Amino acid sequence: MYKVDITIIGAGIVGLSIARQLIGQGKDIVVVEKEPGPGRGISSRNSEVIHAGIYYPPGSLKATLCVQGAAMLYDFCAEYHVPCKRTGKVIVAASDSEEASIEELFLTAKENGVTGLRMLDKKAIAKVEPHVCGHSALYSPTTGIINSHQLTKRLEALCLSGGVTILYRSDLKGIEKDSRGFICAVEPPGGHSYSFSTHILINAAGLESQAVAAMAGVDTDQARYRIFPVKGEYFRVRGGKQGLVNGLVYPSPEKNLTGLGIHATKDLSGSLRLGPNAFYVDSIEFDVDQDHACAFFESTHDLLPFLREEDLIPDMAGIRPKLQSPGGAFRDFVISHEADRGLYGLINLVGIESPGLTSCLAIGDHVEKILREAALL
């Protein structure tokens, strides 16, 4: 049986970041991906925002890896010529009753190590975003946007040039623990399955991460690894009104919100879109319901009074692999070496949603540290 050192399930931004981080260890690295190319899932269906680390509880992986990852990502983009831009972001209190939540965010973000934050009054908001209405706002100058597709392609190129083998169109069919590590059964195009042995197995399968963990022998209910898919739709703003927003405009968040509220984001072409909304779903579909345009308009009208419902056209949708159940409390990233479950050498990454894009390089670094601490590298 063919033997490799490290196998990573999933060629999204996180899986490729981990693979890149592990290059140079003198190890054979294989990435298994069922799609025909990289980043075809979560990685290509998001707001493409480089987050600063404002929302997440201090000490959580989401907070720590987001702050670290943002700095790493800006440096990576500069070195490898991946398009990105520090656009800045305002989180707006539409009324004085929302101001307390904005101030709470300010304190949380400072504790997380976010720099450059400022509180803005109505006049100061007008200087940053002249067409946005609000009572006050938290301004984050380091928040930005990135071309996630080019980031994915650059990571793929670095992995391939570093000797990583990427098996596209290869469906993982089974995982069996053995004395060396794990035996992975894979089905490539044509249906002729084969197996290979790997010493280290890293589950970076996104929406499929619960299924892969279960396949490897984890009781995912007992481990609280159940994925609750959450769909988010986007509407694009048509015409000249795209230029009426300079950066990113977010509403004041609510407690235990499924998402961050429908917000306005720019892309690197200058186009403006609203989204995402957030609702739990039972199936993975990426259609956008035109009838939701009214709700998008109503939810953003107080902040963006220049918009009309007819300005909105359906754009795209994405699915988040949330660990937070409907109505449940905050859940952090799961990045776990499963040695205590008798699965030495298995690293599960489950519930890697936002800020997963921002955190991707820091996640790669974190996984490497876990492997070193376990004497696996």
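Okay, let's start with a charge over a ring: the charged end of Arg273 sits over the ring of Tyr234, 4.8 Å from its centre. By that I mean NZ of Lys or CZ of Arg within 6 Å of the ring centre and within 35 degrees of the ring normal. Arg86 does this too, lying over the face of Tyr74 at 3.7 Å from the ring centre.

Before I go on, this is a predicted model: local features need pLDDT of at least 70, side-chain atom pairs count only at pLDDT 80 or more, and totals for chains, interfaces and linings use all residues. Residues are numbered from 1 along each chain as its sequence is written, and side-chain values use heavy atoms, with hydrogens and water left out.

Staying with rings, how many aromatic pairs does the structure hold? Six, where a pair means rings of Phe, Tyr or Trp (its six-membered ring) with centres within 6.5 Å; planes under 30 degrees apart are stacked, over 60 edge-to-face, and the rest tilted. Tyr194 and Phe196 make a tilted one, 6.5 Å centre to centre with 35° between the planes. Tyr194 is partly exposed at 33% relative accessible area, while Phe196 is buried at 3%. For the record, buried is under 20%, exposed is over 50%, and partly exposed is in between, using a 1.4 Å probe and protein chains only. There's also a cluster, with ring pairs linking Tyr55, Tyr56 and Tyr250.

Now the inside. The largest nonpolar core has 45 residues, and Ile18, Leu151, Ile202, Leu349 and Ile363 have the most contacts inside it. A core here is a set of buried Ala, Val, Leu, Ile, Met, Phe, Trp, Tyr and Cys residues joined through side-chain atoms within 4.5 Å. Among the elements that each supply at least two residues of this core are helix H1 (13-22), helix H5 (148-161) and strand S12 (194-203). The largest share, eight residues, comes from H8. Helices (H or I, at least four residues) and strands (E, at least two) are DSSP runs, numbered from the N terminus. Then there's a second, separate core of 25 residues, including Val132 and Phe306.

What does Ile18 touch? Leaving out residues up to four places away in sequence, its contacts include Ile8, Leu349 and Val367, with contact meaning heavy atoms within 4.5 Å.

Cysteines next. Cys77 is buried, at 3%. Cys360 is buried as well, at 0%, and its sulfur is 8.8 Å from the closest one, in Cys77, too far for a bond.

On to the backbone. Most residues other than glycine have a negative phi, and most peptide bonds are trans. Here, the bond from Gly275 to Pro276 is cis, with omega near -5°, and Pro276 lies in the loop between strand S16 (272-275) and strand S17 (279-280). The bond from Ser354 to Pro355 is cis too, omega near 10°. As for phi, Ala375 is positive at about 60°; it comes in the segment after H8 and counts as exposed at 60% relative accessibility.

Two strands pair if DSSP finds at least two bridges between them, and two bridges join S4 to S8 (residues 144-146). In S8, Ile145 is the bridge partner of Lys85.

Technical notes. A disulfide is a pair of cysteine sulfur atoms within 2.5 Å.
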